[in-house]
Amino acid sequence: MKLEGHIVDIPNRRIFKGEIIFADGRVISIVEKENNVNHYILPGFIDAHIHIESSMLVPSEFAKLAVRHGTVSTVSDPHEIANVLGVKGVEFMIENGNQTAFKFNFGAPSCVPATSFESAGAVIDSEDIKSLMAHPEIKYLAEMMNYPGVLFDDDEVLKKIAWAKHYNKPVDGHAPGIKGGDITKYIAAGISTDHECFTYDEALEKLQKGMKIIIREGSAAKNFEALIDLLPEHFENMMFCSDDKHPDDLLLGHINKLCARAIRKGIDVFKVLQVACLNPIKHYDLQVGTLQIGDAADCIVVEDLKDFKTLQTYINAELVYDFGRVHMAEVAFENLNNFNCNKKEVADFRFESTAQKIRVIECHDGELVTNEIIAESLIQDGNLISNTETDVLKMTVVNRYKNEKPAIAFIKNFGLKQGAIASSVGHDSHNIIAVGADDAAICKAVNAIIEVKGGICATRFYEGQDLVKTLALPVAGIMSDKNGETIGQQYQELDAMAKSMGCTLHAPYMSLSFMALLVIPSLKLSDKGLFNGEKFEFTGLEVE
């Protein structure tokens, strides 16, 4: 097979007209040759850290969207399904991904459960990590979110890291805001990357101390603008990632969009492409081609080096995307799940109190970190309720694995004026999380999720009747068994419905899913109660 065009040789920093010949899935010849073809041929893009589950698609369906944008490989942490199903969930992701040409590279989830302060569906201990690390398809130890465990020499945490070292596999980090002596110790433990930097100075310190920094631009957490100015000087030690990418965003673009944004800032194209295409291969020892003779024929054809619109995608010389058409077969799979709670009553969401002031989670659009604020409460018949006038709304986390009393808190900046939204995509344990304008709406939304054993939902009172819209996620309660176009459209409809109810956040459901994420400070809600992530303790809702 032969390809002609402008060949982008990233390692040697040159672009030339030429011809590439593939055979047996590899590049066997690259020669300079005049031609009249104006498109560009370059190595495929790699997402250096992503939870495939957050796309709400199984790997084989995720791949069909990713190749449209020139992505040929991911470094994927199956942390989300592992917190639901344990090792069985990791095996599901590997098996499903292996049935496609796309090059998934899965890690062993290091934090299952993510913390001891919430209820997950499974446990992966150091012995499980030992077994997973021996698996040749496990490429690394996935993000070590338990940075307190590293800093305080927790024996189980150190054993997990030791097994990664034993098998000579890298350890991914997760250390938002950690600086000074603490980050020095964290790195010294053997942790080599971080995708959680929020500021230029934080990322610079970590780079100077030897870490690889991954610029994240996902559906909720967006750090591109804060970190991109580091790339011109530190391009050899940086990568791009999505972390969490919802299906509607994935329909529009992937790593190609980050490349285009970097080019518009005037950054050298070879530096940008080294970050997007080459650095993950070197760091994680990926079996992905770099468009050199003898490499696997993993490459893309793009319209130009400004917008990186993908025309064709090849993986192992197989044409998987061709001018708008995806050539990847359907993959059959079983809908594994772990969902064992009963429907709730409106009374379950009452919070009896006479407190005049309450602790409130303050969320910020595009960020995972929250603040704690003190706000005036609104009391009706002895029950703390949502105050839509001040945008202090009731929030709940409901244990999906067994019948327990819902945990209650209040949150600001969601903006809902009516109805409620809910999701069983609730990082990290994927219990049901909901926020709403009144208790009845919250109850309806939670029960809609329970009825389909996982999904996302919006409910409101409209034209004299209750309107409930649900996107079912029957695979572990976090992924669909449908294709990306279908789920992307349904997700867009739910997103629009949430915003029509007053939600002011760019990505309402992604932001909602992170409000129970205890490993990102400060104040969050687990199924066990309101948790202060900076002090690592539970705290009361009422202010005395």
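Analyst: Six of the eight residues of strand 1 (residues 2–9) are buried, so the strand is largely enclosed by the rest of the structure. Buried here means under 20% relative accessible area, with exposed over 50% and partly exposed in between (1.4 Å probe, protein chains only). Strands are DSSP runs of E with at least two residues, numbered from the N terminus.

A note on the basis: this is a predicted model, in which local features need pLDDT of at least 70, side-chain atom pairs count only at pLDDT 80 or more, and totals for chains, interfaces and linings use all residues. Residues are numbered from 1 along each chain as its sequence is written, and side-chain values use heavy atoms, leaving out hydrogens and water.

Now for the partners. Strand 1 pairs with strand 2 (residues 14–23) in the antiparallel sense over eight bridges; two strands pair if DSSP finds at least two bridges between them. One of these links has G5 bridged to G18 in strand 2. Four residues sit between the strands of this hairpin, where R13 takes a positive phi near 50 degrees. Strand 1 also pairs with strand 4 (residues 40–43), in the parallel sense over two bridges, and the bridge partner of I7 in strand 4 is I41.

Searching the whole structure gives three cavities of 30 Å³ or more. On a 1 Å grid over the protein atoms alone, a cavity is a set of points where a 1.4 Å probe fits but cannot get out, and lining residues have an atom within 4 Å of a point. Grid points are joined across faces, edges and corners, and a volume is the space filled by probe spheres set on the points. The largest cavity holds about 100 Å³. It is lined by 17 residues, with H51, E143, D428, F514 and L517 the closest to its centre. By class, that lining has five nonpolar, five polar and seven charged residues. Ala, Val, Leu, Ile, Met, Phe, Trp, Tyr, Cys and Pro count as nonpolar, Asp, Glu, Lys and Arg as charged, and the others, Gly among them, as polar.

The second largest cavity has about 40 Å³ of space. Its lining includes E118, V397, H427 and D527, and by class comprises four nonpolar, five polar and two charged residues.

Technical notes:
1 Å grid on protein atoms, 1.4 Å probe; cavity = no way out; pocket = protein on both sides within 12 Å on 5 of 7 lines; lining within 4 Å.
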